[in-house]
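Please examine the fold shown below before reading the notes.

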Amino acid sequence: MRNKFLINTKSTGIVLDEVVVKTANRNRVEQADSAGSGDRTDSNISHADRVAQTQKLLDRAIASAWYTVKSDRRPPALTPIRWVWRLAGLYHLCHSTPQLMEEAAQHFASADRQSLAQWALKKAKEEAGHDQLALLDIQSMGYEAQAVVEALVPPAAKALVDHFTRTVQNSDPIDCVGYSYTAERLAICRGLEYIQRIEVLLPSGKNATRCLRVHSAIGTDVEHVEEAVEMIAELTPNEQTRVAKACYQAALLRFSPPVKNYISDEEIQNVLKPFKLLEPINN
């Protein structure tokens, strides 16, 4: 299938090889989604084409969110101290996933939506323990990891977790499928070169990219994205449209810069100072 999103490890961003979304207006996105849903139910279409069209639908929704935000603001340059801040965000995102996916699985099962229930339960199992990788990474950076994540809850991570929680607790939790797809689809835009550039920035001997590696183009998220598209391709047109809209909403949160200024290295350092380990940890 031809993929509209390409992994660009030099910019670590998303490159569109063709601009297929002509407007970022949400209503037009929804209309495009609805218009395309009829083709996906054509009995003559092959499974491979249905899967390809499904991924195109989802990726267009994500691309549309990128065009909607399209901010010139950029986060400060990455530093070791700022990497700890990002690791704290990764921890909170990973920590929430297993429990929320188990809850979603229960809702789907109660509604006799077995494919969705099985998918959500599998996600809960697959993501279990990833928060511990983030803790190990923070510890490797020389900090008391559990204390750090209790003290540091990056606003972007909190907004995403809150949004994820709302999708699961909705009367129909199918929006959590779009949230999950968007997170993993964007994760695989980060390749090995990106990871290596981060490792060069960190102090020598620090093994602090374990969580990132799992959630990247060299980790399991590539397979997870493929599995998700296969599952979504078998949903009803209305369900697929809901998932695409959920991708758009989740991507808006992912791409939007903070309302206030980015936190400074000095502010992060002040929070982390009490949690500095006396003895260096090599793990």
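Predicted model: local features only at pLDDT ≥ 70, side-chain atom pairs only at ≥ 80, totals over all residues.

The protein chain contains 13 helices and 2 strands. Of its 283 residues, 45% count as buried.

**Overall fold**
- Among contacts in the protein chain with a separation of 6 or more, 81% link residues 24 or more positions apart.
- The chain exposes about 14,100 Å², and carbon and sulfur atoms supply 51% of that area.

- In soluble globular proteins, nonpolar side chains tend to be buried together.
- The largest nonpolar core has 44 residues, and those touching the most other members are Phe108, Trp119, Cys176, Val177, Tyr181, Ile232 and Val243.
- At least two residues of this core come from each of helix 2, helix 3, helix 4, helix 7, helix 8, helix 11 and helix 12.
- Leaving aside residues up to four places away in sequence, Val177 touches Leu116, Trp119, Met231, Ile232 and Val243.
- A second, separate core of 30 residues includes Ala134, Met141, Val148 and Tyr194.

**Helix 7**
- At 1.5 Å a residue, the 15 residues of helix 7 should span 21 Å, which agrees with the 21 Å between its end C-alpha atoms.
- The buried residues of helix 7 are Ala157, Leu160, Val161, His163, Phe164, Thr167 and Val168.

Terms used
Residues numbered from 1 in each chain as written. Heavy atoms only, no water. Core = buried A, V, L, I, M, F, W, Y, C linked by side-chain atoms within 4.5 Å. Buried < 20%, exposed > 50% of the residue type's maximum accessible area, 1.4 Å probe, protein only. Helix = DSSP H or I, 4+ residues; strand = E, 2+ residues; numbered from the N terminus. Contact = heavy atoms within 4.5 Å. Areas by Shrake-Rupley, 256 points an atom, 1.4 Å probe, with all protein chains shown as cover. Expected span 1.5 Å × (residues − 1).
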